[in-house]
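User: I would like to learn how to read helices and their packing in a model. Please take me through one example.

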Amino acid sequence: TLTRIARWAIEDAVDLRCRAEIIADARAIVASPWAPWTVAQALAHDAEFALVAGFGLRDWNTSRRRWLEGPSIVEVLAAPQARLPGMFAEMSPYAVSRLVVAAPEIVGRLDGIPPEVRYAANTILLTRAIDDAERQSAELADAIAMARDDFTDVLVDPFRVGEREAAEYELEHLNERIECWRSWRDEERQLLLFDPAGDGRVAEVFGDLDTASHVAIVIPGVGNDLDNFGPLTDGGFRARAAALREEASQLDPAVATVAWLGYDSPDGAGAVLTNAARHGDDDLVEFVSGLVVAGEVHVTVIGHSYGSVSYTHLTLPTKVLVCG
């Protein structure tokens with residue numbers, strides 16, 4: 001057993017070294033302004049494949065060719081939604097991985113494709129968001145430290161003191177968000193949507209969406225955003241979607257629920273207007289249609305409070321039951 005483990009370790013070490021060299025070569029060439037575009041693109045594909053391909057490949061060149069097979073992301077976007085399930089079913093795992101790596105921001109929100117593909121793409125987006133937030137946190141911490149060194153008497157420049165306090169509050173909020181997102185990644189959440197821009201957009205699945213015969217989409221009301229899409233113990237919107245799945249699965253195991261924050265939930269007085277709901281209409285109907293075209297599934301849309309406004313302007317598929 002120890003001999004086999006040692007052999008595997010040596011083979012993996014050699015494989016890792018080869019991949020590191022491929023990635024280093026690609027980085028050097030792609031960064032050069034003199035590199036021909038076709039050469040840079042080929043090396044970039046090699047590097048992407050080296051990053052995601054599984055270990056123990058018997059034929060690197062054949063596997064890489066399969067990586068490049070299949071439609072481009074442009075062809076996928078041009079395909080009608082009803083064609084997407086069949087298109088992805090026809091692709092090799094390598095070709096699917098190529099699309100995920102090349103355009104996770106597109107694949108991660110593409111309604112009608114297999115859920116596992118979207119989960120993988122949104123995990124990449126989540127990791128990128130963590131990296132960006134960590135970089136911003138380090139820069140902000142450095143700026144605050146320099147501001148502290150510039151003066152010690154708060155009476156010297158109260159305006160700058162106010163700016164520093166605002167920056168410290170922003171840094172605290174940023175670090176809380178980083179910690180939260182790291183926990184999301186560690187928990188391997190099933191994210192069908194992740195967009196940190198503005199108040200944020202997110203959709204999470206509870207249960208097995210691939211095998212579910214019944215899917216409930218829960219839409220929150222006012223005051224919801226990415227920052228309060230919290231743990232299952234806080235009694236919030238996400239927790240209610242998880243609890244609904246838990247209760248419903250007692251009656252039928254083939255049930256999945258989706259906590260869908262795919263629109264900009266208004267705050268305070270903004271709830272008297274339907275603008276936010278109307279802006280989310282198209283995304284909701286695309287999302288529901290994507291579930292329906294992907295397989296035989298009964299969909300229930302449940303809107304809480306203001307969330308019920310989100311589907312009042314929609315023409316939804318006949319398989320959908322709407323509750324407010």
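This is a predicted model: local features need pLDDT of at least 70, side-chain atom pairs count only at pLDDT 80 or more; totals for chains, interfaces and linings use all residues.

User: Which residues of H1 are buried, and what do the buried residues pack against?

Analyst: An α-helix has 3.6 residues a turn, so residues three or four places apart point the same way. In H1, the buried residues are Asp15, Arg19 and Ala26. Helix H2 (37-52) and helix H3 (60-68) are what the buried residues of H1 pack against.

User: How are the axes of H2 and H3 arranged?

Analyst: Two packed helices are described by the angle between their axes and the distance between the axes. For H2 and H3, the axes come within 11 Å and cross at roughly 105°. Angles of 65 to 115 degrees count as roughly perpendicular, and H2 and H3 are therefore roughly perpendicular to each other.

User: Which residues of H2 and H3 meet?

Analyst: From H2 come Ala42, His45, Asp46, Glu48, Phe49, Ala50 and Val52; from H3 come Trp60, Ser63, Arg64, Trp67 and Leu68. Sorted by class, this contact has seven nonpolar, two polar and three charged residues.

User: How many helices and strands does the protein chain have, and what percentage of its residues is buried?

Analyst: The protein chain has 11 helices and six strands. Of its 324 residues, 40% are buried.

Conventions: Residues are numbered from 1 along each chain as its sequence is written. Side-chain values use heavy atoms; hydrogens and water are left out. Helices (H or I, at least four residues) and strands (E, at least two) are DSSP runs, numbered from the N terminus. Buried means under 20% relative accessible area, exposed over 50%, partly exposed in between (1.4 Å probe, protein chains only). Contact means heavy atoms within 4.5 Å. Axes are lines fitted to C-alpha atoms, for helices over the stretch in contact, and angles run from 0 to 180 degrees between N-to-C directions. Angles under 35 degrees count as roughly parallel, over 145 as roughly antiparallel, 65 to 115 as roughly perpendicular and the rest as oblique. Ala, Val, Leu, Ile, Met, Phe, Trp, Tyr, Cys and Pro count as nonpolar, Asp, Glu, Lys and Arg as charged, and the others, Gly among them, as polar.
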